[in-house]
Amino acid sequence: MDVYEAVTSRRAVRGFTDRHVPKELLERVLSAAAWSPSGSNLQSWRAYVVTGRPLAELKKRAGERVVAGDPWDEREYEMYPSALNSPYRERRSAFGEERYGALGISREDWEARQRAASANWNCFGAPAALFCYIDRGLGRPQWSDLGMYLQTVMLLLRAEGLHSCPQMAWSVYRKTVAEVLSPPDGLILFCGMSIGFEDVTVDYIRTGRAPLDETVTFVEG
């Protein structure tokens, strides 16, 4: 698979099989991803890869919180601005309509939307997950390094025939994640990432992208 195919075939998959993902494959991906760019080579990411019994325990604990209706943990960063301006507001709204429309869930059915969202904390059935942390003393440029690292991981997973789903949703169950992973106190959980082989029986609608002239300006001589 070439780079262009990896980029265009990567998407947030929300349905995985339970097919085992070999540790050697994950080590190969993450060893290569270590070469992702970062300002002054700080390499600000701290990743935990979870499989087997620890992942099953994490899913169990998160599922118990969902069933019990426990309140979310306070977020340690703002996922979205409280007031999104155009065109971002419209893009987010379109995503919600496409995502839940594909599941047959109306905009007004908040309960059904919550049930669908709860699949996040089962990793959509994936047998492997990655949790990405950052030192709380680092700044916005280092947070951007996380994005480059995670994108590199996801593209390398595609090269191996795997799919993924990055999930900021795990940040609201960060205390449950910490119970299983025991990260140092100085780290903030940015996101989780479900990893595995796609369950092709799960229907999906791929979200579109803005026309090039909406996001790119060519300044030519």
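This is a predicted model: local features need pLDDT of at least 70, side-chain atom pairs count only at pLDDT 80 or more; totals for chains, interfaces and linings use all residues.

Colleague: Which residue does glutamate 160 pair with?

Modeller: Arginine 28, with the closest N and O atoms 2.8 Å apart. Glutamate 160 sits in the loop between α6 and β3, and arginine 28 in helix α2, so the pair ties together parts 132 residues apart in sequence. Helices here are DSSP runs of H or I, at least four residues, and strands are runs of E, at least two, numbered from the N terminus.

Colleague: And arginine 65 with aspartate 73, what's the N to O distance there?

Modeller: 2.9 Å.

Colleague: Is arginine 65 buried or exposed?

Modeller: Buried, at 11% relative accessible area. Aspartate 73 is buried too, at 8%. Buried means under 20% relative accessible area, exposed over 50%, partly exposed in between, with a 1.4 Å probe and protein chains only.

Colleague: Switching to the sheet. What's the strand order?

Modeller: β1-β2-β4-β3, an open sheet of four strands with antiparallel pairing. The edge strands are β1 (45-51) and β3 (163-167). Two strands pair if DSSP finds at least two bridges between them. Seven bridges join β1 to β2 (residues 128-135).

Colleague: Which strands does α6 lie across?

Modeller: Helix α6 (residues 140-159) lies across β1, β2, β3 and β4 (187-196), at about 10° to β4. Axes are lines fitted to C-alpha atoms, for helices over the stretch in contact, and angles run from 0 to 180 degrees between N-to-C directions. Contact means heavy atoms within 4.5 Å. The buried residues of α6 include Leu146, Tyr149 and Val153. Its buried residues pack against α1, α2, β1, β2, β3 and β4.

Colleague: Last one. Where is valine 13?

Modeller: In the loop between α1 (3-9) and α2 (23-33). Valine 13 counts as buried, at 1% relative accessibility. Leaving aside neighbours within four places in sequence, valine 13 contacts Phe124, His163, Ser164, Cys165 and Glu198.

Key:
Residues are numbered from 1 along each chain as its sequence is written. Side-chain values use heavy atoms; hydrogens and water are left out. A salt bridge is a side-chain nitrogen of Lys or Arg within 4 Å of a carboxyl oxygen of Asp or Glu.
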